[in-house]
Amino acid sequence: MSFATNLGSSLRTATSTANAAASSSTAVRAFSVSARVSAKPRKQRNADDPMALRKMARFNYDDVPTLGHAILARKREVLQLMRTVEFEIPKLSNFRQTYKPPKESQCLQFRFQHYQGENHPASRKVVLNVDVDALVKAGAVKDAQSRHKLLLLAGSRFHPKETEKRDQGEIKISCELFPNERQNMKWCSDALDALVKEANVRTKEVDDLPLDSRSSLIRQDKKRHYLRDDRPTLKDFPKQWL
């Protein structure tokens, strides 16, 4: 008896599930059919559009063509720039300041690159130039040993002058790691502070080390197109090689 009851309930459940699936599929088909019936033709849909091509009047050559509009837009841009020059630039005179020469302690020079407001990858680059003699006069470098160590630590960043003394020149530090030029300026300043701080630490091991001038020779070659004063000539080669 229980087996027959369970079988009947299973049949009723399967029948109800099939009816629900049939009704859902019928509803989906009815919805899709009704959407096609209620849809309007394309011409009828575009009939209410005020910007439809069918409603546009015929071109009677009474308007400026596309190239003419581009020329007018360019003239408007030039006119806006001329107005800025005429009315806005004279206002900069209110920020005029008298020139004061830098002091001996102000020996750092920062070089920036600007492209008149245009976005450019090189606009964030900052170059710091400082003369080694100026650092000594300002008291940042203590003695000759500290100066020699500073040049050793600077390495290829040291640019010697074309004089007999090899320890005269300037140190150049550049940075373009950060998106803002002020951040790159701060990094260059911190790098120079670290160099000076480490140079003032006395270490006898580096006092006898010579300066490496290969980087300056490479720059000299590039500047003079590989025509150095000490370049080899035919007299420097053996005769049997010629």
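Predicted model: local features only at pLDDT ≥ 70, side-chain atom pairs only at ≥ 80, totals over all residues.

Reader: Where is Leu 92 placed?

Author: Leu 92 lies in the loop between α3 (66–88) and β1 (108–112).

Reader: And is Leu 92 buried or exposed?

Author: Leu 92 has a relative accessible area of 56%, so it counts as exposed, the cut-off being over 50%.

Reader: Turning to charges, how many salt bridges are there?

Author: The count comes to 9 salt bridges. Among them is one between the side chains of Arg 74 and Glu 77, at 3.3 Å from N to O.

Reader: How are Arg 74 and Glu 77 arranged in the chain?

Author: Both residues belong to helix α3 and are 3 residues apart, about one turn of the helix. Arg 74 is exposed at 51% relative accessibility, whereas Glu 77 is partly exposed at 42%.

Reader: Which residue forms a salt bridge with Asp 131?

Author: That residue is Lys 161, with the closest N and O atoms 3.4 Å apart. The pair links distant parts of the chain, 30 residues apart: Asp 131 is in strand β2 (residues 126–131), and Lys 161 is in the loop between β3 (158–160) and β4 (169–175). Lys 161 is partly exposed, its relative accessible area being 42%.

Reader: What about Asp 190 and Lys 186?

Author: Their side chains meet in a salt bridge of 2.8 Å, N to O. Asp 190 and Lys 186 both lie in helix α6 (residues 181–199), 4 residues apart. Asp 190 is partly exposed at 36% relative accessibility, and Lys 186 is partly exposed at 49%.

Technical notes
Residues numbered from 1 in each chain as written. Heavy atoms only, no water. Helix = DSSP H or I, 4+ residues; strand = E, 2+ residues; numbered from the N terminus. Buried < 20%, exposed > 50% of the residue type's maximum accessible area, 1.4 Å probe, protein only. Salt bridge = Lys/Arg side-chain N within 4 Å of Asp/Glu carboxyl O.
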